[in-house]
Amino acid sequence: MITVLNKIDLLEDRSWLEQLKGHFINPVAVSAKLKENLGLLLEKIEDSFSGRMIDTEIFLKHGRMDLVDLFYREGKVKEIQYLQKAIKIKLSLPKIIFHKLLNNKDIEEVN
């Protein structure tokens, strides 16, 4: 969980902000209006998701465009090659989806 403390641009005195952040779980003080600390917020969001993702490279049988669609919707496709005998995909997927697909006969993990 990330606690976002927005509208810090409205504070006249920010000296007590660090003390206030101590009362929240994983706090980030931002000003959406002034775009202040938004980069830090994005970094925290990425960090929280990176532990839930797995990088992999797979071969996928042609005709399984439903899985290609799933990979684009639920993961991050880094590279895709349409080869003569299969589709080769480098991607990051949520671990829960990856483990569900391991036994699919149309998918082969690249070693």
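Biologist: Why does Asn-37 count as partly exposed?

Modeller: Buried means under 20% relative accessible area, exposed over 50%, and partly exposed in between, with a 1.4 Å probe and protein chains only. Asn-37 has 32% relative accessibility, so it counts as partly exposed. The model is a predicted one, in which local features need pLDDT of at least 70, side-chain atom pairs count only at pLDDT 80 or more, and totals for chains, interfaces and linings use all residues. Residues are numbered from 1 along each chain as its sequence is written, and side-chain values use heavy atoms, with hydrogens and water left out.

Biologist: Where is Asn-37 found, and what is its phi?

Modeller: Asn-37 is in the loop between E2 and H2. Its phi is near 65 degrees, a positive value in a residue other than glycine.

Biologist: What makes Ser-31 buried?

Modeller: Ser-31 has 0% relative accessibility and therefore counts as buried. Ser-31 lies in the loop between strand E2 (27-29) and helix H2 (38-50). Contact means heavy atoms within 4.5 Å. Leaving aside neighbours within four places in sequence, Ser-31 is in contact with Asn-6, Lys-7, Ile-8, Asp-9 and Glu-36.

Biologist: How far apart are the C-alpha atoms of Ser-31 and Lys-7, and is Lys-7 buried or exposed?

Modeller: A distance of 4.8 Å separates the C-alpha atoms of Ser-31 and Lys-7, which are 24 residues apart along the chain. Lys-7 has a relative accessible area of 52% and is therefore exposed. Lys-7 belongs to the loop between strand E1 (3-5) and helix H1 (17-21), and its phi is near 70 degrees, a positive value in a residue other than glycine.

Biologist: Why does Lys-85 count as exposed?

Modeller: Its relative accessibility is 77%, so Lys-85 counts as exposed. Lys-85 sits in the loop between E4 and E5.

Biologist: Which residues of helix H3 are buried, and why are they said to be on the same side of H3?

Modeller: In H3 (residues 65-74), the buried residues are Leu-67, Val-68, Leu-70 and Phe-71. They cover an arc of only 160 degrees around the axis, and therefore they are on the same side of H3. The arc is that of the directions from the helix axis to the C-beta atoms. The cover over these buried residues includes strand E3 (53-60), strand E4 (76-82), strand E5 (87-94), helix H4 (95-101) and strand E6 (107-109).

Biologist: How many helices and strands are there in the chain, and why is the chain called more spread out than a compact globule?

Modeller: The chain has 4 helices and 6 strands, where helices (H or I, at least four residues) and strands (E, at least two) are DSSP runs numbered from the N terminus. Along the sequence, the pattern is β-α-β-α-β-α-β-β-α-β. The radius of gyration is 21 Å, well over the 13 Å that the globule rule gives for 111 residues, so the chain is more spread out than a compact globule. That radius is taken over C-alpha atoms, and the rule is 2.2 Å times the number of residues to the power 0.38. The C-alpha atoms fill a box of roughly 65 × 25 × 20 Å along the principal axes.

Biologist: What percentage of the residues of the chain count as buried?

Modeller: Of the 111 residues, 29% count as buried. Among contacts between residues at least 6 apart in sequence, 52% join residues at least 24 apart.
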